[in-house]
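Colleague: I have a protein model open and I am new to this. Can you show me how to read its main features?

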Amino acid sequence: MTNKIFPCVIGLGYVGLPVFVRLKKKYKTVGFDTSLSRTTFLKKKKDLNNEINPKDLHLFNGSKITSNPENIKECNIYIITVPTPLKNKHIPDLKCLEQAYQSISKFLKKNDIIVVESTVYPGASKELAKKVLEKKTKLKSGKDFYLAYSPERINPGDKNHQIQNTEKILAIETNNVYVKNKILKIYKSITSKLKISNSIEEAETAKVIENIQRDLNIALMNDIFIFCKRMNLNFKNILELAGTKWNFLKFSAGLVGGHCLPVDPYYLSYIAKKNNISLETVLAGRSVNHKLKNFIFKQIRNKILDFNRKNKKKCRVLISGITYKKNVADIRNSYALEIYLNLKKNFKNIYALDKYCDKLNRKKFNILDKIKLNYDLLIFLVDHNYNKKLYKSAHLKKIELFDPFGYYQ
Ligand SMILES: NC(=O)c1ccc[n+]([C@@H]2O[C@H](COP(=O)([O-])OP(=O)(O)OC[C@H]3O[C@@H](n4cnc5c(N)ncnc54)[C@H](O)[C@@H]3O)[C@@H](O)[C@H]2O)c1
């Protein structure tokens, strides 16, 4: 068995790009992404997700960013970080993962290692490895090549929890000490703290329940938030009171979006259903978090109708923040974006501002990145850093403000 370590990261998005950047510091590494537009920007040292600095995209020691699958041929460690979204009816969509396995299968050699980092339901990494890799190559997992699983915990927009300082789960099932040490060596160059597991399925389950727990905790707050609004009670004051108890968890209300929380509960419930196991709580957060979006939409709609009636003119509305959460460029499953687009369908003079949203999506959805304060109503759905200053200036100009989650009051 060769000592050579030649890694390849498959999928250079929010998760894959930081992994690639860490690995190429130490090893000649290939970063492979099927999106030509993504690799073209990255080669120009531009990460449209705004997570990685241009200086960290400098390529040396033979490392490569590519959309050409031929370039992954010589690699012997494949780390898969492709999207795992949902299809219609909330069914897991493993198409990208299957395609990534297909790309690897063309070049898989004896003793190669594959580590899946994408979020999946328990059993999915092995199931697909059997279906694609073993079938296509006639090589056997655990004997001829080795499969491991290491879910990602990066938190886009969060400068405190970066890949290098956040504890990471790493599941290795083989007893082959040589292979085990090789995987450990690679992962130690990615992050400083590893939690080792000997079960891929347990690590897959741990990842989805981390996000399900968060989805449920926020959903509980969102339910109470709506209750308080309807009962005319001050939600923030109530949280402050309850928060004085030692074991009260400090979650708050807000719009839940992104590629993880709105997706992962369905991954677990899918596999539970397939095994005739009923899960009573796992999906409970989903409908509540959805309900909050409709509640906020109705509140805004009523404000616009009130303004139009009182002033006998059409209200000029600006929504500041349309990405799925604060200080990120990501608009996947963003309720703020959905609210904006829905308002545009129903009213004239609806505008949005987002300095974090990437250039391509700003253009696609007609989103401003500079502001003139010539609006009648200014709405804050996402707590972006620049909003605080904007709130103050708009307040001085006596523009009507709507800050439903009380970020700036
Ligand atoms: N975004 C997060 O905060 C986060 C956090 C933890 C875990 N995850 C999980 O990590 C995985 C990746 O998420 P992401 O946010 O990085 O997605 P992303 O969309 O930002 O990046 C994925 C990249 O993979 C590329 N790709 C798709 N199919 C490919 C293929 N067959 N071969 C090569 N490249 C391919 C896409 O072009 C894209 O650039 C998902 O399973 C997600 O649930 C995401």
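Modeller: We will go through the ligand shell, the domains and the helix packing in turn.

Modeller: One caution before we start. This is a predicted model.

Colleague: Let me begin with the ligand. How many residues surround the ligand, and which are the closest?

Modeller: Start by listing the neighbours. Here 27 residues surround the ligand. The closest are Gly11, Gly13, Val15, Ser35 and Ser118.

Colleague: Which helix gives the most to the shell around the ligand?

Modeller: Look at where the neighbours sit in the chain. Helix α3, residues 95-105, gives the most, with four residues.

Colleague: What is the make-up of the shell by class?

Modeller: Sort the residues into classes. The shell has 12 nonpolar and 12 polar residues, plus three charged ones.

Colleague: Now the overall layout. Into which domains is the protein divided?

Modeller: Look for the bounds of each part. Domain 1 covers 7-198, and domain 2 covers 286-402. The contact between them takes six residues from domain 1 and 10 residues from domain 2. On the domain 1 side, the touching residues are three nonpolar and three polar, with no charged ones.

Colleague: How far apart do the C-alpha centres of the two domains lie?

Modeller: The centres of domain 1 and domain 2 are 36 Å apart.

Colleague: Next, helix pairs. At what angle do α3 and α4 pack?

Modeller: Read the angle, then the distance. α3 and helix α4 (residues 124-137) pack at about 25°, with their axes 9 Å apart. Angles under 35 degrees count as roughly parallel, so α3 is roughly parallel to α4. The crossing of α3 and α4 is right-handed.

Colleague: Which residues make that contact between α3 and α4?

Modeller: From α3 come Leu97, Glu98, Tyr101, Gln102, Ile104 and Ser105. From α4 come Leu128, Ala129, Val132, Leu133, Lys136 and Thr137. By class, the contact of α3 with α4 holds seven nonpolar, three polar and two charged residues.

Colleague: Which residues of α6 and α9 meet?

Modeller: Among them are Leu216, Ile218 and Ile226 in α6, and Val288, Leu292 and Phe295 in α9. The contact of α6 with α9 has eight nonpolar, three polar and three charged residues.

Colleague: α9 has another partner, α10. Where do their axes come, and how do they cross?

Modeller: The axes of α9 and helix α10 (residues 335-346) come within 10 Å and cross at roughly 40°. That makes α9 oblique to α10. Is the handedness left or right? α9 passes α10 in a right-handed crossing.

Methods: Residues numbered from 1 in each chain as written. Predicted model: local features only at pLDDT ≥ 70, side-chain atom pairs only at ≥ 80, totals over all residues. Near = placed C-beta within 6 Å. Helix = DSSP H or I, 4+ residues; strand = E, 2+ residues; numbered from the N terminus. Nonpolar A, V, L, I, M, F, W, Y, C, P; charged D, E, K, R; others polar. Domains from an automatic or database assignment. Contact = placed C-beta atoms within 7 Å. Axes fitted to C-alpha atoms, helices over the stretch in contact; angles between N-to-C directions. Parallel < 35°, antiparallel > 145°, perpendicular 65-115°, else oblique. Left-handed = near helix turned anticlockwise from the far one by under 90°.
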